[in-house]
Structures are given as C-alpha cells and as structure tokens.
Amino acid sequence: MNFRKAFIVKPGSKLQLAKIDPANAGDFASHKKAAGEIQSQVGRMDRLQYLLYADASQSLLIVLQALDAGGKDGTIRHLFSGMNPQGTSVASFKEPSKIELAHDFLWRIHLQAPAKGEVMIFNRSHYEDVLVVRVHKLVPRGVWSKRFKLINEFERMLAANRTRILKFFLHISPDEQLARFKQRLEDPARQWKISDSDYSERTLWPKYMEAYEETIERTSTEHAPWFVIPANHKWFRDLAISTIVADTMEDMKLTLPQPRVDLKDIRRRFHAAENAKP
Ligand code: AMP
Ligand code: MG
C-alpha cells in the first residue's frame, strides 16, 4: 500500500470526511502483523534523522491535528521516541496566553519552527486558529476566514527556507472517541488526561468536521500537504504516519556532509599521538 498516495488530500480537491473510513486498516489484518513493519519504519525515520541533523541544511515540520482522544500524544510517543533528542522537539499549542493573544496568530508558531537540521513536531498548531476559534466563534468569520491564505503564505515561506512540511489529521469515529473516553475514566493511569471540555467539544462534532473539511481543502498545498489518516486502529495510524514520514525524508536527499578537515593530515596527527603514548 502506498500510504502517501492513499491518504494525501490532493491540492485543490474536495474532502468529505464522512466518506473516509476511520477504521480502515488497509491489507493489514492485525496489530501483530503490522508491528514488525512499524518497527522497521521507525528505524528508517531514526537513520534519516541522523542524516538530517548532520546535514543541517534542511528541516522537517510535522503537524498533528485531531479531536480529543484522537491519538496525537500516542503517535508522538510511539513514533518519535527513537529519534535522537538532539535535533528533535515537540511543541504543544494550548489556549493562547495573554501575551500570545496580543500578537498575530502566527507569532507563537513561528517561534517554534524547526531550525536547520531539526525535526519539529507540532501537537496542535496554527490550525487551531481556524478550527476551535471558528467553532467557538472566538473571532469573527471575517478574521478567521482570511487566515487560510495567511497560513498558506507562511508555510510557503518556511518551505522556501528548506523546511519540509507534513500535516496529519488523525481521523477517528465518534464511537472510537467514546471508547477512549471510557478507558480514560476507568484507567487511573489515564485519568489525568480527562478535561471537562472533552464532553462539550464532542457535542460539536459536526461543526468540527465542517471546519476540518474546509481547512484541509484550502490549505493542502504542494509545499505543505495534508494527509487524512484513518486512526481508529492506533497501530494502523502509526504504520501509515511512520511510512509517510520516512518516505518523505528519503526524498529529501539527505547525505552526510564532507568532513571539514583534511583527513590525511588528521590521520597523520592521530598516528603521531598514538606513537607518543607512554
Ligand atoms: P490539549 O491538546 O488536550 O492539551 O488541549 C489544548 C486545548 O487548547 C484544546 O482544547 C485546544 O482547542 C486549545 N487551543 C489550542 N490552540 C488554541 C487557540 N489558538 N485558540 C483557542 N484554543 C486553543
Ligand atoms: Mg485534551
């Protein structure tokens, strides 16, 4: 299965989330069958991240968006734990602070954009400013509707600065969300994740779907494509995202930089140092 082809939202195309099955698991029958493949994709990601860091001329930005319990945290834990912390970061965007609100909506985002050589994972992102902000009418339509263009231009600027951008919407069903809420309620290790808003947001599901559809349609671009990932099965989500990330990093033509020293000379000095040992 070509995950990039299967799940990309082609720039300019229409999106109907209701037509995408959140429980899709491709040809993979079970987690057991996919586990080895996930491990191998995570291994590829780690090897390529080493090259990205060494090469230090490009960067990678991964945006994760989903409704509550959609699996953003789990995706980060499962897929990026193998990457070297030197060169990999996560930025989580919560409700903006007073000082953040006093600036333009991209101000706090730009500050967290990856530097050359880095992988940055956005756990929520500037997209909240056209999603939650729209659904809850935090600013007038006239304000948020102009943001699609601003977002596309911002991302184009990052891309021109050699940042690869991949955006993932983790698509779950309302039933799956409720099953995860139940788990949160019953498992003491997960209760800390519960928030009041989980339940009030859930009642706004259709409004969120509408907001996501328009957002993804208007901001899936050649330089920053969206992927809608069937995410009811956590292992399938992990497999799809890790493969797409690794395939994309492969395309970045990352290579080890040339040594910055004259190796012949260094070799001579090494032997001299070795010979000088008491
Ligand atoms: P969580 O990701 O579960 O920790 O929740 C973070 C909360 O912050 C979510 O309810 C988001 O909708 C909210 N949030 C993130 N960015 C914004 C924003 N720009 N404006 C308003 N709420 C936001
Ligand atoms: Mg939450």
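These legends go with a set of close-up views of one predicted model.

The model is predicted, so local features are taken at pLDDT of at least 70 and side-chain atom pairs at pLDDT 80 or more, while totals for chains, interfaces and linings use all residues. Residues are numbered from 1 along each chain as its sequence is written, chains are lettered from A and ligands numbered from 1 in the order in which they are written, and side-chain values use heavy atoms, with hydrogens and water left out.

**Figure 1. The whole chain, to get your bearings.**
The chain holds 13 helices and 6 strands; these are DSSP runs numbered from the N terminus, with helices (H or I) of at least four residues and strands (E) of at least two. Along the principal axes, its C-alpha atoms fill a box of roughly 75 × 45 × 40 Å. Of the 278 residues, 45% are buried, where buried means under 20% relative accessible area, exposed means over 50%, and partly exposed lies in between (1.4 Å probe, protein chains only). The accessible surface comes to about 15,100 Å², and carbon and sulfur atoms own 54% of it; such areas come from the Shrake-Rupley method with a 1.4 Å probe, and for residues only the protein chains shown count as cover. Among contacts with a separation of 6 or more, 83% join residues 24 or more positions apart, a contact being heavy atoms within 4.5 Å.

**Figure 2. The largest nonpolar core.**
Here you can look into a core of 72 residues, in which Ile-62, Phe-168, Ile-229, Val-245 and Met-249 touch the most other members. Helix H12 (residues 234–251) gives the most to this core, with 9 residues. A nonpolar core is a set of buried Ala, Val, Leu, Ile, Met, Phe, Trp, Tyr and Cys residues joined through side-chain atoms within 4.5 Å. In soluble globular proteins, nonpolar side chains tend to be buried together. Follow Phe-168 and, beyond four places in sequence, you will meet Ile-62, Val-63, Leu-64, Gln-65, Trp-226, Phe-227, Ile-229, Ile-241, Ile-244 and Val-245.

Leaving out residues up to four places away in sequence, Thr-243 touches Phe-3, Gln-41 and Arg-44.

Around ligand 1 sit Phe-93, Lys-94, Glu-95, Pro-96, Arg-108, Arg-124, Glu-128, Asp-129, Val-132, Val-133 and Leu-138, each with a heavy atom within 4 Å of the ligand. By class, this shell has 5 nonpolar, no polar and 6 charged residues (Ala, Val, Leu, Ile, Met, Phe, Trp, Tyr, Cys and Pro count as nonpolar, Asp, Glu, Lys and Arg as charged, and the others, Gly among them, as polar). Polar side-chain atoms approach nitrogen atoms of ligand 1 at 3.2 Å from Arg-108 and at 3.1 Å from Asp-129. An N or O atom in the side chain of Glu-128 lies 3.1 Å from an oxygen atom of the ligand. The protein covers 77% of the 500 Å² of accessible area that ligand 1 has on its own.

**Figure 3. Two arginines with positive phi.**
Arg-124, one of the residues around ligand 1, lies in the loop between strand E4 (119–123) and helix H6 (132–135). Its phi is near 65°, a positive value in a residue other than glycine, and at 22% relative accessibility Arg-124 is partly exposed. Arg-162 has a positive phi too, of about 70°, and belongs to the loop between helix H8 (147–160) and strand E5 (163–171). Arg-162 counts as partly exposed because its relative accessible area is 42%.

**Figure 4. Gln-58 in its loop.**
Gln-58 sits in the loop between helix H2 (31–55) and strand E2 (59–66), and is buried at 8% relative accessibility. The Gln-58 side chain reaches the backbone oxygen of Met-252 at 3.0 Å. Beyond four places in sequence, the contacts of Gln-58 include Lys-116, Gly-117, Glu-118, Arg-162 and Leu-254.

Val-135 lies in helix H6 and is buried, with a relative accessible area of 10%. Although Val-135 and Lys-207 are 72 residues apart in sequence, their C-alpha atoms are 6.3 Å apart in space. Val-135 also contacts Leu-204, Tyr-208 and Ala-211. Val-139 is in the loop between H6 and helix H7 (141–144), and at 24% relative accessible area is partly exposed. Val-139 touches Val-133, Trp-144 and Arg-147, leaving aside residues up to four places away in sequence.

Definitions and conventions:
A polar contact is a pair of N or O atoms within 3.5 Å; within protein, one must be able to donate a hydrogen and the other to accept it, and residues adjacent in sequence count only if both atoms are side-chain atoms.
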